[in-house]
Amino acid sequence: LAIIDKRRVNAKTVAFNALIGDVADKQVGLVDDICSTGGTLMAAAEVCRTQGASEVIAAVTHGLWAGNALPSGFDRFLVTDSIPALNS
């Protein structure tokens, strides 16, 4: 188990303070409730990869996909169809 300590600075900015735990050579699963642009998840994935994660998978409950959002940097990205996408 690892935790990324983050703080939302404002509506568009998140600061990552620390990665608590060891992800080196491990498969990492990032879980989030809502994803509108993917920025926070992509930054968290980069933190994990920088610390040596072998694979990064994201799982999201509600995918909003605001604008032209297309999260990248994941080996797999899972999302439910719980709500209609904003750009559909």
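Visitor: How many salt bridges are there?

Guide: Side chains of opposite charge can pair when their charged atoms come close. The rule here asks for a side-chain nitrogen of Lys or Arg within 4 Å of a carboxyl oxygen of Asp or Glu. By that rule there are three salt bridges. Keep in mind that this is a predicted model: local features need pLDDT of at least 70, side-chain atom pairs count only at pLDDT 80 or more, and totals for chains, interfaces and linings use all residues. Residues are numbered from 1 along each chain as its sequence is written, and side-chain values use heavy atoms, with hydrogens and water left out.

Visitor: Which residue forms a salt bridge with Asp 22?

Guide: Lys 26 does, with the closest N and O atoms 3.5 Å apart. Lys 26 is partly exposed, at 39% relative accessibility. The scale is this: buried is under 20% relative accessible area, exposed is over 50%, and partly exposed lies in between (1.4 Å probe, protein chains only).

Visitor: What parts does the pair of Arg 49 and Asp 75 tie together?

Guide: The N to O distance in this salt bridge is 2.8 Å. Arg 49 sits in helix α1 (residues 39-50) and Asp 75 in the loop between β4 (55-63) and β5 (76-79), so the pair links parts 26 residues apart in sequence. Helices (H or I, at least four residues) and strands (E, at least two) are DSSP runs, numbered from the N terminus. Arg 49 is partly exposed at 30%. Asp 75 is partly exposed too, at 42%.

Visitor: And where do Arg 76 and Glu 55 lie?

Guide: Their side chains form a salt bridge at 3.0 Å, N to O. Arg 76 is in strand β5 and Glu 55 in strand β4, so this pair ties parts 21 residues apart in sequence. Arg 76 is partly exposed at 43%, whereas Glu 55 is buried at 16%.

Visitor: Now pockets. How much space lies in the largest pocket?

Guide: Rolling a probe the size of a water molecule over the atoms shows where empty space is left. A pocket is an open set of points on a 1 Å grid over the protein atoms alone, where a 1.4 Å probe fits, with protein on both sides within 12 Å along at least five of seven lines; lining residues have an atom within 4 Å of a point. The largest pocket holds about 610 Å³. Of its 31 lining residues, the closest to the centre are Lys 6, Asp 32, Thr 40, Leu 41 and Ala 44.

Visitor: Which element gives the most to the lining of the largest pocket?

Guide: β3 does, with eight residues. The elements giving two or more residues are β1, β2 (14-20), β3 (27-35) and α1. Leu 41 belongs to helix α1. Leu 41 is buried, with a relative accessible area of 6%.

Visitor: Last, backbone angles. What is phi of Asp 25 near?

Guide: Most residues other than glycine have a negative phi, and most peptide bonds are trans. Phi of Asp 25 is near 60°, a positive value. Asp 25 lies in the loop between β2 and β3, and is exposed at 69%.

Visitor: Is Trp 65 buried or exposed?

Guide: Trp 65 is buried, at 16% relative accessible area. Its place is in the loop between β4 and β5. Phi of Trp 65 is positive as well, near 55°.

Terms used:
Points joined across faces, edges and corners; volume = space filled by probe spheres on them.
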